[in-house]
Amino acid sequence: MAGPTGGARHRGCARPCARGPVCARGRPAPQAHVTAGTAPAQAQAGCGGRAAALRAGVMAAAGAEALAASVRDFVSGQQDGRAAEVAAGVKDGRWTVLQLVEALGFCLENTDPRMRGRGIQLLSQVLLQCYSLLQEKEVLHLVLFYESRLQDNHLVIPSVLQGLRALSMCEVLSPGLAVSVLKAIFQEVHVQSLLQLDRHTVYSIITNFMSTREEGPFVEELFEVTSCYFPVDFTPPPNDPHGIQREDLILSLRAVLASTTQFAEFLLPLLIEKLDSELQSAKLDSLQTLTACCAIYGQKELQEFLPSLWSSLRREVFQTASEKIETECLTALRALSACLSRSVLSSDSEDLLDSFLSSILQDCRHHLCEPDMKLVWPSAKLLQAAAGASLRTYHRISHSVLPLLLEQYTKHTQSSQRRTILEMLLGFLELQQKWGHVEEGFLSSSNLELVVDHLIRLALHEEDSQSSEAAMEAAGSLAPTYPKVFSGHMVPRLEEELQSEREESHHKRHSLQQRCLQALAAVSTHTSIVKDTVPILLQHLQKVQKGTEAKNTQDVISVCLSLHRVALQCQQDAEGCWYFHQTVVPCLLAMAVQAAMPESTHTLPGKALLEEEVLAAMIPVISAATTHLSPELAAQSVSHVVPLFLDGDVSFLPQNNFPCSFQPFGDGEHLEAQRRLVALLMAFVCSLPRDVAIPQQEWLLRELLALSCSSNCPFTATTAAKCFAGLVNKHPAGQQLDEVLQLAVNRMEPSLAEGPRRTQALTLLLWVTKALVLRYHPLSSCLTDKLLGLLGDTELGPATADGFSLLMAESPDVLHKGCHADVRIMFRQRFFTDNVPKLVQGFHGAGPDVKANYLKGLSHVLNHLPKPVLVTELPTLLSLLLEALSCSDRVVQLSTLSCLHPLLLEAPQIMSLHVDTLVTKFLNLTSSPTMAVRIAALRCAHALTSLPTTVVSASAAPCCLLLHVEGPGLPDLLGAASIHFSHREPLLSYSCSHTRAELSGHWPSLWMTRRGWCGRKQWQHVENGECVEVAAGGCQRVGDVADGTISVPAGSCSGAQAGEHPVSPPVLTNSLTGASLSHQVIRPNATDPLDPQSPGVP
């Protein structure tokens, strides 16, 4: 076969050859066969030259022997590691690739395909590491060799493909070589029959060659051979050694399909076709591929298909019930609009963007006039997606839509309609913020103040709270664009309302103040506005914190919530963040210190700030104000705050004329109020970046450790333990950390053994263990073992079991990534692997009075474990989870139900094996006295519908399905009727002379308690109705509900009341088999046979 450049491949030659001396078989031998060991053509002068030549020959011979030995070891299958050694030798120049080919000659010409395969595998593995060292001529001959091997035995093909993949990455490919390789693959290899790994290799070769853009004459063939796999439908086999996932294949195929514009004429019709399919996965893959293609396409590629693409996207957004599909549709529409926005127009070309946006406006704009209709939000989302693509699309859409929305707001008077319109306006305003200040826009200077007045009125006085919130959001979106208007007009109005002393009812006054606080926070989206609103909020806090009544506490919390929102909005702006920090943090600390001072008068001013709820509300304010500081500013701030708590240095606080010193770590009961403020210290120091040095850190750690073990106040002890743990988590590894941890262990162990402060010691142990588990510290395993031992303690066991939830869950204030904690990836998986076997072992060896502790701890660990990991371990742990459902502890029940619910959906094969037990336990828990347990049990029962119908139906006999009988025209008497089924089949039909009703589908999809519905109703009732109970056996009572009942023996066909003619009873049958089922017809208010408290029920 002739190569693209005219080089020949000799028939029967198993090794790549170049034009050169004739080999022993009469074929041209490789030029590289003349190695350094051959004597030079010219004579060497003197014996020195001969000695050098001799040494060179000896070294070459030794190198050749070493290479041959490595080749033999690899080919024989004894040492796969030899491939790396050979590659290293090629990289450092000891051998060349052609020398390796020469050494492989004996196996490349071997008649055993396995031997040939091992030889080519070695060569390919070396090339994958050394392809960048090859010269153009070497690449040419290697390609010709590999092309010939594509005709070899199927055992050899995978290694050949790996070699071609290595060569496809070479930068010295000769012209036409990529086309030659692709043509050889298409002609000689049936790609569809290859293993997944080998198909992936082919895709990689194609992707590598795509970068050369040599696909020209093979565009359609190349598209056909790759697009036949679209969309990818692949489920990885269990225990797949290659670890190939469906997502890997999807992304690889998408990279090929979206790699060239020449595929557009074939790919876009395929995507449109798949968008019209019924498979959600096909729709999602098509939309994501379309988005990827828009990154390289232009007007030329899209022009012909734009109407069809828009039609498909619009249909999916208007009709789909899937949020995923809707999101991907909007992303694809945004990508299409952005693609058209980037296109450069010539003088005579059509502006496709303008016509495309016109189509969108034509199909969506009129729906905005119907705020009560279901298409209003899909239309708004489509318009916002297109407007978000570029500044040009925003101008085109907003100039058409925004005046219409303002007009509709004036036209509609209902609060729900206005709220919808305001929320749509907010979406467009946020886009305006994205694209910066628009010159005139729809908010010109002449009407901007009018709009602000309108927003103030809505925010403060609109009765509908959702409309009020929408107005606040709109103000926050507009404020960065027009900060002067909002600072000069809206902020003063809000301050005036906040400070107003008008005589109104307490409830009305309180509601108005709450809205003022919320509006001040919402509008603080620009630094200049923050500098106006923060002093107002702090001044109001000073005013409301003086008092001990409950209303003062709630008022303080409200101000803290507003400050927290402002802090979050300032985080991305360095100037605003620093202003907020240096203004708010010292002020909050000063007010708290003042409140904690010993009583000097008969009144008790400021004590609201010492309430746990208030301190808990101040913690996120200080934390949010600290996390985004630069290291330099954080170091400046920490140099003031830590000395405040250790030395009592109040010099940096405003209004620091306190009656006595501040000593939160001092001794004495009179300092208990000051110790509570350690919570604020925790909020600050645990939010600092890790590279910020904390002054006097070792002293601070010792004080926190002592306070956490000695304080009689649970709040103070817990916050001190959390602060200690947060600092330990970030502490650099080394001797100092080891000493601190040893000191902590020495303090905890005696207190855990006995004494009045065992609970404080356990709290400290839990938080320190969490701090070390997160950073993979070696001591974490030792501390975890201590916790496992405490599960057998009758006093501390339940609290220890609850502590396993603390270890696995995300902490809201410390030890999370947002506050720069050292959190390693997959720490939960590691904790599970190390400790769940110990939990199981402890459970089996524990006494009956503490077994529940182990179940609770296990349930907490599993409940926080990533579900894919849990599914793999489910077979070994399911029996314990089922036993946990029988535990009397409500926390264990709830945690276990929360763990099982997703498993019913994600691992139906495994759960089907235990369906009898699951159904029974779920139904037992539906009568739990705890509402949360009942709800969780019903959710799990409903999730049983994911199991195969035959599996669930076979276990349904002892179960009761509660359905509500209702329908148009039913008497009020029947409105409360219930129908109870116990049966073995999924399909039932009920008929009689008076009524006819059918229940179709999978019966467990409908569950109800006496407290309400859970699931969708599928019961259809025609004409009048009856209340029916189907029982496993017993008597049968038949009759019309309004006229009383008739009792007949089970299985009878007729019966009669006294003085009446016999009537034909309604018959309940299995619609599949025709078999009759025993049943009862009862009055709605009659004795409930399922209620053990009902009279007459045994």
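Residues are numbered from 1 along each chain as its sequence is written, and side-chain values use heavy atoms, with hydrogens and water left out. Because the model is predicted, local features need pLDDT of at least 70 and side-chain atom pairs count only at pLDDT 80 or more, whereas totals for chains, interfaces and linings use all residues.

The chain holds 45 helices and twelve strands (DSSP runs numbered from the N terminus; helices are H or I with at least four residues, strands E with at least two). Of its 1098 residues, 52% are buried (under 20% relative accessible area, with exposed over 50% and partly exposed in between; 1.4 Å probe, protein chains only). Among contacts (heavy atoms within 4.5 Å) with a separation of 6 or more, 69% join residues 24 or more positions apart. The accessible surface of the chain is about 49,600 Å², and carbon and sulfur atoms supply 53% of this area (Shrake-Rupley method, 1.4 Å probe).

Helices α24 (residues 506–522) and α25 (residues 527–544) pack with their axes 10 Å apart and at an angle of about 145° (axes are lines fitted to C-alpha atoms over the stretch in contact; angles run from 0 to 180 degrees between N-to-C directions). The crossing of α24 and α25 is left-handed (the near helix is turned anticlockwise from the far one by less than a right angle). Helix α24 contributes Gln 513, Leu 517 and Leu 520 to the contact, and α25 contributes Thr 533, Ile 536, Leu 537 and His 540. Four of these residues are nonpolar, three are polar and none is charged (nonpolar: Ala, Val, Leu, Ile, Met, Phe, Trp, Tyr, Cys and Pro; charged: Asp, Glu, Lys and Arg; polar: the others, Gly among them).

Seven aromatic pairs are counted (ring centres of Phe, Tyr or the six-membered ring of Trp within 6.5 Å; planes under 30 degrees apart are stacked, over 60 edge-to-face, the rest tilted). Phe 645 and Phe 662 form an edge-to-face pair, at 5.5 Å centre to centre and 70° between the planes. Phe 645 lies in helix α29 (residues 631–647) and Phe 662 in the loop between α29 and α30 (672–675), so the pair ties together parts that are 17 residues apart in sequence. Both Phe 645 and Phe 662 are buried. One aromatic cluster is formed by Phe 223, Phe 263 and Phe 266.

The peptide bond from Phe 230 to Pro 231 is cis, with omega near -5°; Pro 231 is in the loop between α10 (219–227) and α11 (246–257). Gln 696, not a glycine, has a positive phi of about 55° and lies in the loop between α31 (678–685) and α32 (697–710).
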